[in-house]
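What follows is a walk through one structure, from its sheet to its core and its domains. Keep the sequence and the coordinates open alongside the text.

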Amino acid sequence: MSESVIRVDGLKKSFGGPPVLDGVSFEVRRGETFALLGRNGAGKTTTIRILLGLLKPDAGTVEVAGCDPQAQPLDVRSRVGYLAEDQAMYEWMTPVELCRFLQPFYPTWDAKLASELLERFELPRQQRIEHLSKGQTVKLGLAVALAYRPEIAILDDPALGLDPIARKEFNRDLIDWLQAEGRTVIYSSHLLDEVETVADRVAILDAGRIVRLEQTEVLRERVQRVMLPIEKARLLPAPEGLLDVRQHADHIEIVVDGIDTFLRDLAQAGVESEPAELTLDEIFAAFVIGRTDGWPEAPAPVTAS
Ligand SMILES: Nc1ncnc2c1ncn2[C@@H]1O[C@H](COP(=O)(O)OP(=O)(O)OP(=O)(O)O)[C@@H](O)[C@H]1O
């Protein structure tokens, strides 16, 4: 297993009200694409701002590329390429002018790479930034975040506001490129269709905690949907790892984390069932809005009167 380049342990943060982060821990390995998933307001940006040293946690420890972001914020910023969800740029500049403007701030700025990235992302070099499309602006943000060859790229909801085709294009062009370069990528998003194809591992953040952290493939193998006749389900206890139950007229539809064990239990009870794979979107929904209180009750024992 490759070494960790980001270590987060027991992170807590509140802004005066209830905790936004309530004991968040995870590690990101060198070269992997790690997706931080959460609904709006789940704390993704707060986590990222702490990683960058822009925000001080109330408790917990953070290490980014061997540095403490609070004690060494500049070291961290030179090792991390950051693409914020709302990119404010100098709109009156052209992409080429922006690169020239930023270069002196970064000792490791690679002008040749910057030029290649503008080419690669098909950005019009001499057009003012204010006249670029949203997709082009995102690509420009990424080009300048990578031109100083950071070890780690942190992309905070980068495809926010892009249409579905532009999002697909963003993945194809940008994430593929980052992965081919062997970069470590943290990708925060609440739009899961794009994460699904690129993330090696996903962390699901909900109510200030990571409720699941797993390899994307393993998550899709383990978390599946099963339909069961209600009269059969009544005879069984609710399975371990139950994430969601929906009652229909004569059957229930359930999502279980740990499908293999459950199928084995079903087979032992003589119940046949065909599981169905879920999209990452459906898995995510099961974790954060799933309801487990609908498992059918066993029938009351018949008592002699
Ligand atoms: N500086 C701040 N002061 C007060 N509350 C804040 C501050 N920054 C974030 N919050 C609150 O913390 C919570 C988490 O916000 P955060 O931006 O981290 O969420 P997020 O997961 O990135 O959401 P989104 O997907 O909408 O960007 C929200 O309720 C937000 O209002």
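**From the sheet to the domains**

Glycine 81 has alanine 153, in strand S6, as its bridge partner. The model that holds this pair is predicted. S5 and S6 run parallel and are joined by four bridges. On S6 the pairing continues with strand S7 (residues 184-189), again in the parallel sense, over five bridges. Here leucine 155 has its bridge partner in S7, namely tyrosine 187.

These strands belong to an open sheet of six, ordered S5-S6-S7-S3-S8-S9, in which the pairing is mixed. From one strand to the next the twist averages 15 degrees. In general, the strands of a sheet pair through backbone hydrogen bonds, in either a parallel or an antiparallel way. The antiparallel case can be seen between strand S8 (residues 201-206) and S9, where six bridges join the two. Isoleucine 204 has arginine 212 as its bridge partner in S9.

Helix H5 (residues 134-146) packs on the sheet and touches S5 and strand S6 (152-156). The direction of H5 makes about 165 degrees with that of S5.

How many of the residues of S6 are buried? Five of the five are, so the strand is largely enclosed by the rest of the structure. The cover extends to both faces of S6. Ile152, Ile154 and Asp156 are buried on one side, and Ala153 and Leu155 are buried on the other.

At least three residues of the core come from each of domain 1 (4-207) and domain 2 (224-289). Which residues does alanine 143 contact, leaving aside its neighbours within four places in sequence? They are Ala114, Leu117, Leu118, Phe121 and Leu123.

Six of the eight residues of helix H1 (residues 44-51) are buried, so H1 is largely enclosed by the rest of the structure. The buried residues of H1 are Lys44, Thr46, Thr47, Ile48, Ile50 and Leu51. Just after H1 comes glycine 53, with a positive phi of about 80 degrees.

The two domains can now be set against each other. The domain assignment of the chain gives domain 1 as 4-207 and domain 2 as 224-289. Their C-alpha centres lie 37 Å apart. The contact between the domains takes eight residues from domain 1 and six residues from domain 2. On the side of domain 1 that touches domain 2, the elements giving two or more residues are helix H7 (192-198) and S8. Of these, H7 gives the most, with four residues. S8 is also the strand that is joined to S9 by six bridges.

Last come the confidence values. The mean pLDDT of the chain is 87, and 95% of its residues reach 70 or more. The model scores ipTM 0.96 and pTM 0.86. Where pLDDT is low, the predicted coordinates should not be read in detail.

Terms used: Residues are numbered from 1 along each chain as its sequence is written. This is a predicted model: local features need pLDDT of at least 70, side-chain atom pairs count only at pLDDT 80 or more; totals for chains, interfaces and linings use all residues. Two strands pair if DSSP finds at least two bridges between them. Axes are lines fitted to C-alpha atoms, for helices over the stretch in contact, and angles run from 0 to 180 degrees between N-to-C directions. Two residues are in contact if their C-beta atoms, placed from the backbone, lie within 7 Å. A residue is buried if 20 or more other C-beta atoms lie within 10 Å of its own, exposed if 12 or fewer, and partly exposed in between; C-beta atoms are placed from the backbone. Domain bounds come from an automatic or database domain assignment. pLDDT is the predictor's confidence in each residue, from 0 to 100.
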